[in-house]
Amino acid sequence: MSKAAGLTDAELVRLCRAGDPDGWNELVERFSRYVYAIAVRGFRLGDEEAEDVFQDVFTRVYTRLDTLRDDSAVRPWIAQLTRRRCLDVLASRGRETAVEEEVLTHEETADLGEVEEAFAVREALAGLSDTCQDILDRFFARDQSYKTIADELEIPPGTIASRIARCLGRLKDALGPET
Amino acid sequence: MTRIYDEERLGVLLRILRPAPVGWVRAAQELPAAHRTLDEIVARAEADLAFRNALLADLETALAAEGYEPHRRVLDEIRERLTD
């Protein structure tokens, strides 16, 4: 893990502005899943369109980082850039003539809400041990089997299910009640 | 409204933020280097009229002849900046 991984969003933005390559790598790493999820899950874009959106968003972030007024607001800014680019894609497809978020279906709006909720869970996950982060990510986000996880982490396969349950319990505690 | 996250719900939410394809992430991480290349090419074009004309005539061939192999997006940006 790079030293930039432990920084707050605002600190990370400042590091990127200073031209630190580790800072930029971490910024892309930190928000890549988020941008991808908005494009693919929220707007249901196919791979080709999603890749265009993904690269455009990070290009805009890189070239316009100086225009961000509140460094701690980098995530909502990235979300807004991503949603706008996705809406442009939908409009260019002719699916909708308007390019406002009001054109989104109820289902798409709900899915975008879930992406936000998922990000909050992921932030809570980052506060758990490296082992818990790794196991939960492998099992849920990377769809790895118990056997693959056991082989790659060199732990007994029979303990994977109980480790997942234990880590989920810790994650639940870290999140507290959902409001 | 207050809800308690149960294990099933946490699983659903953890599945939402899947890793983006590795190649996409790598390309985004290489943006600073790509932009340095872009700036270098544009600066050369501004200083060297023959190079600029060659770029305007056939961008990809002119860049390949000089040893540049920029990504498609960088090519688009160079075109945009040369025609500004």
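This is a predicted model: local features need pLDDT of at least 70, side-chain atom pairs count only at pLDDT 80 or more; totals for chains, interfaces and linings use all residues.
Local features need pLDDT of at least 70 and side-chain atom pairs count only at pLDDT 80 or more, while totals for chains, interfaces and linings use all residues. Residues are numbered from 1 along each chain as its sequence is written, and chains are lettered from A and ligands numbered from 1 in the order in which they are written.

Chain B contains 6 helices and 0 strands; both are DSSP runs numbered from the N terminus, with helices (H or I) of at least four residues and strands (E) of at least two. Its radius of gyration, taken over C-alpha atoms, is 22 Å, well over the 12 Å that the globule rule gives for 84 residues, so chain B is more spread out than a compact globule. That rule is 2.2 Å times the number of residues to the power 0.38. Along the principal axes, the C-alpha atoms fill a box of roughly 70 × 25 × 20 Å. Of the 84 residues, 20% are buried. A buried residue has 20 or more other C-beta atoms within 10 Å of its own, an exposed one 12 or fewer, and a partly exposed one a number in between, with C-beta atoms placed from the backbone.

Helix H3 of chain B spans residues 31-47. It reaches 24 Å from its first C-alpha to its last, close to the 24 Å expected, which is 1.5 Å times one less than its number of residues. Its buried residues are B:Leu31, B:Leu38, B:Ile41 and B:Ala45. They cover an arc of only 90° around the axis, which puts them on the same side of H3(B). The arc is that of the directions from the helix axis to the C-beta atoms. On the other side, exposed residues include B:Arg36, B:Asp39 and B:Glu40. The cover over the buried residues includes helix H3 (47-64) of chain A and helix H6 (72-83) of chain B.

The contact between the chains (C-beta atoms, placed from the backbone, within 7 Å) takes 35 residues from chain A and 24 residues from chain B. H2(A) gives the largest share of the chain A side, 11 residues.

The largest nonpolar core has 56 residues. Such a core is a set of buried Ala, Val, Leu, Ile, Met, Phe, Trp, Tyr and Cys residues joined through C-beta atoms within 7 Å. A:Val35 is among the members that touch the most others. A second, separate core of 7 residues includes B:Ile41, B:Ala45, B:Leu55 and B:Leu63.

Methods:
Two residues are in contact if their C-beta atoms, placed from the backbone, lie within 7 Å.
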